[in-house]
Amino acid sequence: MDVFYFTEMPYAEFPESEAAKYPSMRLTFPNTYFNANKAHDLFKRYLDEYQYAEEVGFDGLMINEHHNTPSCMDVEVNISGGILARITSKAKILMLGNMLPTSDNPVRLAEEIAMLDVISGGRIISGFVRGIGIESWANNTNPVYNRERFEECHDLILKTWTTPGPFRWEGKHYHYRAVNPWMLPLQKPHPPVWVPGTGSPETVQWTARNRYTYAAFLTPLEVAQDLFQRYREYAAEDGWEPGPEKFAFMICCHVNETEEKAQEAGKAFMWRMNYPLRGPREYWSPPGYVSRAGAAAVAARRPTPLNEMSYQELQDKYHLVVGNPDNVIKKLRHIKDQLGIGALLLEAQGGPLSHQDTMRSLELFGNEVLPALKE
């Protein structure tokens with residue numbers, strides 16, 4: 001099982017109470033709270049932590065992107081991916097990922113990801129995402145066409161990577177007279193593709209049909225088990241059996257010397273689980289963004305929103321794993337055994353968790369937790 005380190009690179013440099021004055025910390029929280037000098041220091045810190053994660057033995061480094069929110073300063077995974085490709089040498093770089101429906105230039109995306117794969121020496125895992133509903137607002141795209149733009153954008157990127165150019169593309173949303181990029185990926189036929197999800201049945205089906213890795217994000221264990229089982233059923237219909245490498249699971253996680261220190265430091269993740277996940281329903285799910293079946297499935301699978309759970313409830317549901325090395329090892333082994341996953345994605349820095357606590361956590365992961373998980 002591969003273990004990935006992850007942070008959303010949050011900007012928690014203002015009183016959390018300020019977020020209560022606005023409908024949501026995403027989309028409409030004023031950027032007058034942003035200080036570029038503080039962000040400069042934060043980026044240096046976060047990149048240092050990514051480098052250290054590779055040094056202590058993490059198999060991979062995960063990055064993502066969001067827009068119009070202090071919960072994630074990474075607004076372009078192909079930029080942060082380029083930095084990591086140069087300052088690291090061994091770890092896989094998991095980009096979860098590029099938002100396909102909000103892109104007006106799939107060929108440019110294909111070129112950028114290929115360039116990263118070449119720079120990194122073939123370490124890129126290309127995550128393709130639809131983006132949460134808020135991204136449709138932030139990027140001024142019609143949510144009704146989100147899924148079909150996602151699929152067409154994907155098809156064009158894959159053809160760009162695998163079909164010698166020049167060729168012409170005439171689709172519903174994208175049109176090119178000549179597709180002939182000079183930059184092509186090092187990995188053949190193309191970098192591995194992963195797709196994340198939180199419960200949409202259409203996403204599980206599409207991912208299985210394409211034989212990509214499906215990553216369940218912050219879902220209860222029983223929900224992830226159900227999603228993975230659906231994937232296996234779709235695979236069986238197509239005549240193949242997926243192995244553990246087709247399944248990944250993402251949670252928040254912190255380890256410290258003692259249970260007491262860990263529990264105290266781990267409270268920082270409540271920032272990440274609170275206001276960044278609140279907001280009007282239309283922000284998260286604008287009309288047309290999800291099907292009725294998808295909306296019903298997600299509602300049934302997560303009856304209690306994460307931002308309404310207590311610190312203890314988040315731990316009981318394995319959304320957040322916090323503790324001393326022995327306890328964290330037991331919990332992560334339980335997740336591995338229950339889900340049969342090939343990759344565990346650990347958001348091991350969240351909200352205002354300090355650099356000191358993050359680095360100590362990474363050190364303990366390298367010295368004690370990761371070796372135990374590899375046994």
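1. Where is Met183 found? Met183 sits in the loop between β6 (175-179) and β7 (193-197). Helices here are DSSP runs of H or I with at least four residues, strands are runs of E with at least two, and both are numbered from the N terminus. This is a predicted model, in which local features need pLDDT of at least 70 and side-chain atom pairs count only at pLDDT 80 or more, while totals for chains, interfaces and linings use all residues. Residues are numbered from 1 along each chain as its sequence is written, and side-chain values use heavy atoms, with hydrogens and water left out.

2. Met183 counts as partly exposed, at 31% relative accessibility. The scale is as follows: buried is under 20% relative accessible area, exposed is over 50%, and partly exposed is in between, with a 1.4 Å probe and protein chains only. Met183 belongs to a nonpolar surface patch with Met115, Val118, Ile119 and Leu186. Together they have about 410 Å² of accessible area. Areas come from the Shrake-Rupley method with a 1.4 Å probe, and for residues only the protein chains shown count as cover. Patch members have over 30% relative accessible area and no salt bridge; nonpolar side chains (Val, Leu, Ile, Met, Phe, Trp, Tyr) are joined within 5 Å, like charges within 9 Å.

3. Contact means heavy atoms within 4.5 Å. Gly122 lies in the loop between α3 and β4 (124-129). At 21% relative accessibility, Gly122 is partly exposed. Gly122 and His190 are 68 residues apart in sequence, yet 9.6 Å apart in space, C-alpha to C-alpha.

4. Ser103 is in the loop between β3 (92-99) and α3 (106-120). Ser103 counts as buried because its relative accessibility is 12%. Leaving aside neighbours within four places in sequence, Ser103 is in contact with Leu109, Arg149 and Tyr174.

5. Phe150 is part of helix α5 (residues 146-162). With 3% relative accessibility, Phe150 is buried. Beyond neighbours within four places in sequence, Phe150 is in contact with Leu100, Pro101, Phe128, Val129, Arg130 and Trp206. Phe150 and Gly131 are 19 residues apart in sequence and 9.6 Å apart in space, C-alpha to C-alpha.

6. The largest nonpolar core has 115 residues. Such a core is a set of buried Ala, Val, Leu, Ile, Met, Phe, Trp, Tyr and Cys residues joined through side-chain atoms within 4.5 Å. Which residues touch the most other members? They are Phe58, Phe249, Leu332, Ile335, Leu345 and Phe365. Outside four places in sequence, the contacts of Phe58 include Val3, Phe4, Tyr5, Leu346, Leu362, Phe365 and Leu370.

7. Glu49 deserves a look. Glu49 lies in helix α1 (residues 36-56). At 0% relative accessibility, Glu49 is buried. The side chain of Glu49 makes a polar contact with the side chain of His355 at 2.7 Å. A polar contact is a pair of N or O atoms within 3.5 Å; within protein, one must be able to donate a hydrogen and the other to accept it, and residues adjacent in sequence count only if both atoms are side-chain atoms.

8. Side chains of opposite charge can pair when their charged atoms come close. The whole structure holds 19 salt bridges. The criterion is a side-chain nitrogen of Lys or Arg within 4 Å of a carboxyl oxygen of Asp or Glu. One of them joins Lys374 and Asp59 (2.7 Å, N to O). Lys374 lies in helix α14 (residues 355-374) and Asp59 in the loop between α1 and β2 (60-63), so this pair ties together parts 315 residues apart in sequence. Lys374 is partly exposed, at 41%.

9. Arg209 and Glu237 form another salt bridge, with the closest N and O atoms 3.0 Å apart. This pair links distant parts of the chain, 28 residues apart: helix α6 (residues 201-209) holds Arg209 and helix α7 (residues 221-237) holds Glu237. Arg209 is partly exposed at 33% relative accessibility, whereas Glu237 is exposed at 56%.

10. Lys261 and Glu257 meet in a salt bridge at 3.8 Å, N to O. Salt bridges that share partners join Glu257, Lys261, Arg360 and Glu363 into one network. Lys261 is partly exposed at 45% relative accessibility, and Glu257 is partly exposed at 33%.
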